[in-house]
Amino acid sequence: MLKIGIILGSVRQGRNGEAVANWTLDFANKRNDADVEYELVDLADYNLPFLGAEIPETQQAEAEKAIKAWSEKIASFDGYIIIAPEYNHAIGGALKNALDYLNPEVNNKAAGFVGYGSLGGTRAHENLRLILGELQVADVRTAVTFSLLADFENFSVFKPADYHEANATEMFNQVIAWSKALKTVRG
Ligand SMILES: Cc1cc2nc3c(=O)[nH]c(=O)nc-3n(C[C@H](O)[C@H](O)[C@H](O)COP(=O)(O)O)c2cc1C
């Protein structure tokens with residue numbers, strides 16, 4: 001069984017990411033991939049502290065629990081589909097902070113991207129490729145790029161155009177193929 005985590009990389013209140021993540025999970029489940037299990041991981045459920053920041057003693061146990069839960073959840077997957085909004089031509093701070101907690105958990109695994117922004121989140125994707133290179137994650141070429149102008153009404157109601165499904169199919173195929181292949185590298 002191949003396990004793929006769909007990571008919702010925005011914690012902003014009123015985030016568009018939730019609708020995009022639900023679309024992606026729905027798309028994943030409709031594929032009926034044999035021997036592949038998909039799970040949505042919402043960054044907002046983890047309440048991670050900023051890496052290295054001082055934590056009041058009364059909150060330390062809770063923070064440690066959140067960090068451990070995040071690390072173990074991410075380690076449990078063979079590959080990832082990362083839902084990444086674009087903030088100032090990069091990924092958002094919450095996602096960067098969450099990624100900074102990881103390293104061995106993601107080494108020699110595969111990832112694909114679903115982005116959104118005025119240009120489909122493409123600059124966030126390129127930023128993510130640099131970060132994942134350092135984390136030894138193999139990110140696939142094809143990405144899904146939802147436009148805030150064309151795929152959302154009033155920049156907030158998600159109405160994705162049908163043509164994104166072709167890219168999503170290609171991206172999922174690539175992530176599954178590389179996730180399977182990299183399992184053999186991890187032994
Ligand atoms: C601080 C901030 C910076 C942003 N910078 C960009 C940007 O550089 N390029 C872009 O396409 N969209 C940008 N946006 C728009 C976001 O991509 C858009 O609001 C998106 O819905 C954010 O994801 P979320 O709703 O899931 O938090 C920015 C939004 C915020 C709040």
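A residue is called buried here if 20 or more other C-beta atoms lie within 10 Å of its own, exposed if 12 or fewer do, and partly exposed in between, with C-beta atoms placed from the backbone. Helices (H or I, at least four residues) and strands (E, at least two) are DSSP runs numbered from the N terminus. The model is predicted: local features need pLDDT of at least 70, side-chain atom pairs count only at pLDDT 80 or more, and totals for chains, interfaces and linings use all residues. Residue numbers start from 1 along each chain as its sequence is written.

**Strand β4**

Strand β4 is mostly covered, with nine of its nine residues buried. Lys109, Ala111, Phe113, Gly115 and Gly117 point one way from β4, and Ala110, Gly112, Val114 and Tyr116 point the other way. In a regular strand the side chains alternate between the two faces of the sheet.

Strands are taken to pair if DSSP finds at least two bridges between them.

| Partner of β4 | Bridges and direction |
|---|---|
| β3 (residues 79-85) | seven, parallel |
| β5 (residues 137-139) | three, parallel |
| β6 (residues 144-147) | four, parallel |

Ala84 has Gly115 as its bridge partner in β4. From β3 the chain crosses through helix α3 (residues 93-100) to β4, and this β-α-β crossover is right-handed, that is, with the strands pointing away from the viewer, the path from the first strand over the helix to the second runs clockwise. On the β5 side, Ala110 is bridged to Ala138. The chain passes from β4 through helix α4 (residues 122-134) to β5, again in a right-handed β-α-β crossover. In β6, Val144 stands opposite Val114.

Ala110 belongs to β4 (residues 109-117). Ala110 counts as buried because 26 other C-beta atoms lie within 10 Å. Contact means C-beta atoms, placed from the backbone, within 7 Å. Leaving out residues up to four places away in sequence, Ala110 touches Gly79, Ala138, Val140, Val175, Trp178, Ser179 and Leu182.

**Nonpolar core**

A nonpolar core is a set of buried Ala, Val, Leu, Ile, Met, Phe, Trp, Tyr and Cys residues joined through C-beta atoms within 7 Å. The largest one has 47 residues, and those with the most contacts inside it are Ile6, Ile7, Leu43, Ile82, Ile83, Ala84 and Val175. Helix α5 (residues 164-186) gives the largest share of this core, six residues. Beyond its neighbours within four places in sequence, Leu43 is in contact with Ile7, Leu8, Gly9, Val11, Ala94, Leu95 and Ala98.

Asn16 lies in the loop between β1 (2-8) and α1 (17-30). With 21 other C-beta atoms within 10 Å, Asn16 is buried. The C-alpha atoms of Asn16 and Pro85 are 8.5 Å apart, although the two are 69 residues apart in sequence. Asn16 also touches Tyr116, Phe152, Ser156 and Phe158, among others.

**Positive phi**

Most residues other than glycine have a negative phi. Asp35, not a glycine, has a positive phi of about 60°. Asp35 sits in the loop between α1 and β2 (36-42) and is exposed, with 8 C-beta neighbours inside 10 Å. Gln136, likewise not a glycine, has a positive phi of about 60°. Gln136 is in the loop between α4 and β5 and is partly exposed, with 13 other C-beta atoms within 10 Å.

Methods. Two residues are in contact if their C-beta atoms, placed from the backbone, lie within 7 Å.
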